[in-house]
Amino acid sequence: MEEGWNRYCRSNERKLTINNAQESDEGSYTVVVTNAAGNVTSTAATLTVTPAPVTPTYTIAAINNQTFNALTTGYGSGSQEIKTLTITRTGTGDLNNVAVALSGSNANDFVITQPGSTTLDDGIPSTDFTVKAEDGLTAGTYTATITISADNMTSVSFTVTQMVNNSSPQNPSLNISTATFDKKVENQTDVTVNITLNGSTLSSIENGSVPLVLGTDYTVTSGDTITIKKEYLEKQNDGTTNLVFNFDPTYSAILAVAINNTTPQPAAPNVLANDSENNLVGANSTMEYSTDNGVTWKTYDDPTFNGNVTVLVRVKANDHVPAGLVTTVSFTTNSSSGGGGGGSSTTPSTNTEKITVVVETGDFGKGTNIFTATINRTTDASGQKKDDVTFAADQAKETVKKAKESGQETARIVIPDTKDEVVQVDVKIPITATNELVSGGLDLEIYTENVRINLPAASLEGLQEDLYFKVVPIKEEPKRQEVENRAKSENVVKMVVGNGKLEVIGRPMTIETNLENRPVDLVLPLRDITLPTDEQERQAFLADLVIFIEHSDGEQVLVKPEVVNYKSGQLGLKFGITKFSTFTILNMENWEEYLAEQDANKAQKNQEKNSHGSYVAGFPDGTYKPEKSVSRAEMAALLVRVGAELDSDAPAKTFADVSSNHWANNVIQKASATGLMKGFTDGTFAPDKSITRAEMAAIVSRWLQLTGDVKTSNLSDIKGSWAEKDIKLVEQAGIMKGMPNGQFQPNKALTRAETVVIFNRILKRGPLQGVEVPTWKDVSSKHWAFSDIEEASKDHRFIVTETGEQLVNKE
């Protein structure tokens, strides 16, 4: 060992150091000391080297993302590609409980088999599993994530993608379905549309039955870029102009151009009625006048006005400047006077003043002021005041922007009337403004001292004309008494009140509008009354309040309202409607008793309804396919089958992609006529497309007429969704729920299992308990939706247990 000693020792050191000792360094070591007297050898020291422990690793070989061979709609079962994938152990540790799982919005559109072996070790280092697309997928691209997991192992994920193409050639399409055009000179621009021809050719563009002229009204560049000239658009009337693009072979697509004019209106002219000369003072040929309340207008050419007549005067429209604001003046029949000198008088003209109003968000009077706007308040010769309010598109756009910035979902136009002088409020919301509200998902409230009108954005969707409201509070006592007398004579009221006391509370209200069959909330103030100070008497008084509604079609109904705050220090009554007429607050004895009796009768009838019929069917092979998606055509059929409908007089619709011999043509027309289902802006229905969870939420919201304020939702993936409010409403109503991971997955295709759960909740059916033999061979009693699927699948009698469960009656 002397060499070793010399190798490791330095001069004058008395120690041996072995760096990074290895097993080869094991053995006995001695020290030889040499001096002039000779050599001395030490006792041997033994070195033993123990290897460091090795930490096992748990890994598998990477697996690349997988893309399947493309399919065509209508493909047969088993024709889709099946991929066999291998899991290979690459670490030193054994892998136990090896499993694969699908996730993502299209997880239910794929089928996997679990690995052949759940343990990978030295004896079995690899195992296989398979994955394929589900049967019956509609056109689209489906992508899901596969995750491989095992004990102690960091999970490994990759994606699988299946494309399904249409079986028939795609129709031509426009890249946009709506556009806007401003007639204000400095804002005018051409409208450009890109078309995807898909083998078709553009044959013409029509406005109604009038074709546009190529080269003059529009141009075509590179065959697929269409430019609608601003010179053509400026000639069109304000509102929506529908341009129909016609293609060969036969197909049409519509571009809806919202046309407005943001050029400021000229001020109302300063003109007076000279009653003695029967002419106008201050008028000239730049103006026009009307003697039929604005139905027809004539250029001012110094006419005379004889007799009792009201004249409207305004500055004429000129080039791109719209007609001005109106001044109203009145003439009277001249009276003759005898003896010496006639007289003349000038009647007071109607005055128009500008009133500043606030547009705000948040709680009334406590929210954030977005901006101020100006309305016209007109005082006529009798002293009555009327408000004319227009909520323009630029105001709506700015409102949406600022509301979103402050995290608010409702904006409010506050129309002041602190002196209670206004007898009528006319509110106009152009189609361009409602489109801004809808696209921004912003609800709008119109606040007056006599009513609050809450307009959900969803109720403004798809409007085809400017929206207006005419709000008239019934202030005069004789007219108020007329309402009370009518109420006392109506059977719907007499049936409830009997010999009890009936009293009109507050002020009746008449509202006219062109918004029909759309859910809206109204709040009427409890004004001009003193509520009982005793809390018990106060609650009893509020409980007996009811809204009496007289519709213009002759229908009379009573509605139970919700007591809310109208403004600071004043309560109000909130209720939902779908059509407008006259609304009166009544205090009726026996109202609470009537409601209790109705509830009891309803409960009794529910107990008596002890049988249900099936409303879904399975497949010829005895399966239900609970995870298979539901097409839009199938949803239409199901809605019609269970009798779902809204109070709608809309005509049946036809769609470009639903032929008269399509199996679902009739049910699609019925479902669209009720308003529960809608087509797309290009005139199609997409009957074979899977319906999404967001679309289902919108259908449920319309079906149940869910309105009002929504609570904050914890769903993490609905912010900004077109159906965000509908999703919150159906979640709040307990009809649809989120996933365990906190998501709603709005774009995920709705499954057959999810569908019956939703329908059962709406129909108040099931879940059916006590079924021992499953109806379908692929839905066992362990399936999460087993009881709901059984409820929908079989004709059955049932009994209701004390806990409210529906138990199958085996007698």
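**Charged pairs and helix contacts**

Modeller: Start with Asp387, which counts as buried at 2% relative accessibility. Buried means under 20% relative accessible area, exposed means over 50%, and partly exposed is in between (1.4 Å probe, protein chains only). This is a predicted model, so local features need pLDDT of at least 70 and side-chain atom pairs pLDDT 80 or more, while totals for chains, interfaces and linings use all residues. Residues are numbered from 1 along each chain as its sequence is written, and side-chain values use heavy atoms, without hydrogens and water.

Colleague: Which residue forms a salt bridge with Asp387?

Modeller: Side chains of opposite charge can pair when their charged atoms come close. The rule here asks for a side-chain nitrogen of Lys or Arg within 4 Å of a carboxyl oxygen of Asp or Glu. Arg377 meets it with Asp387, the closest N and O atoms being 2.6 Å apart. Arg377 sits in strand β29 and Asp387 in strand β30, ten residues apart. Helices (H or I, at least four residues) and strands (E, at least two) are DSSP runs, numbered from the N terminus. Arg377 is also buried, at 7%.

Colleague: How many salt bridges does this rule give?

Modeller: The count is 27.

Colleague: Where do Lys725 and Asp443 lie?

Modeller: Lys725 is in helix α13 and Asp443 in strand β33, 282 residues apart. Their side chains form a salt bridge, 2.3 Å from N to O. Lys725 is partly exposed at 22%, whereas Asp443 is buried at 9%.

Colleague: What surrounds Leu444?

Modeller: Leu444 lies in strand β33 too (residues 443-447). Leu444 is buried, with a relative accessible area of 1%. Contact means heavy atoms within 4.5 Å. Leaving aside neighbours within four places in sequence, Leu444 touches several residues, including Phe391, Ala411, Ile413 and Leu455. Ile413 is 31 residues away in sequence, yet 7.8 Å away, C-alpha to C-alpha.

Colleague: Is α15 largely enclosed or open, and why?

Modeller: Eight of the eight residues of α15 (residues 786-793) are buried, so the helix is largely enclosed by the rest of the structure. Those residues pack against β43, α14, β44, β45 and β46. One of them, Glu791, has a relative accessible area of 0%. Glu791 forms a salt bridge with Arg765, with N and O 2.7 Å apart at the closest. Arg765 is in the loop between α14 and β44, so the pair ties together parts 26 residues apart in sequence. Arg765 is buried at 11%.

Colleague: At what angle do α14 and α15 cross?

Modeller: Two packed helices are described by the angle between their axes and the distance between the axes. Axes are lines fitted to C-alpha atoms over the stretch in contact, with angles from 0 to 180 degrees between N-to-C directions. The axes of α14 and α15 cross at roughly 75° and come within 9 Å. They are therefore roughly perpendicular (65 to 115 degrees; under 35 is roughly parallel, over 145 roughly antiparallel, the rest oblique). Ala753, Val756, Val757 and Asn760 of α14 meet Asp788, Ile789, Glu791 and Ala792 of α15.

Colleague: How do α12 and α13 cross?

Modeller: Their axes come within 8 Å, at roughly 65°. They are therefore roughly perpendicular to each other. Ala697, Ala698, Val700 and Ser701 in α12 meet Asp726, Ile727, Leu729 and Val730 in α13.
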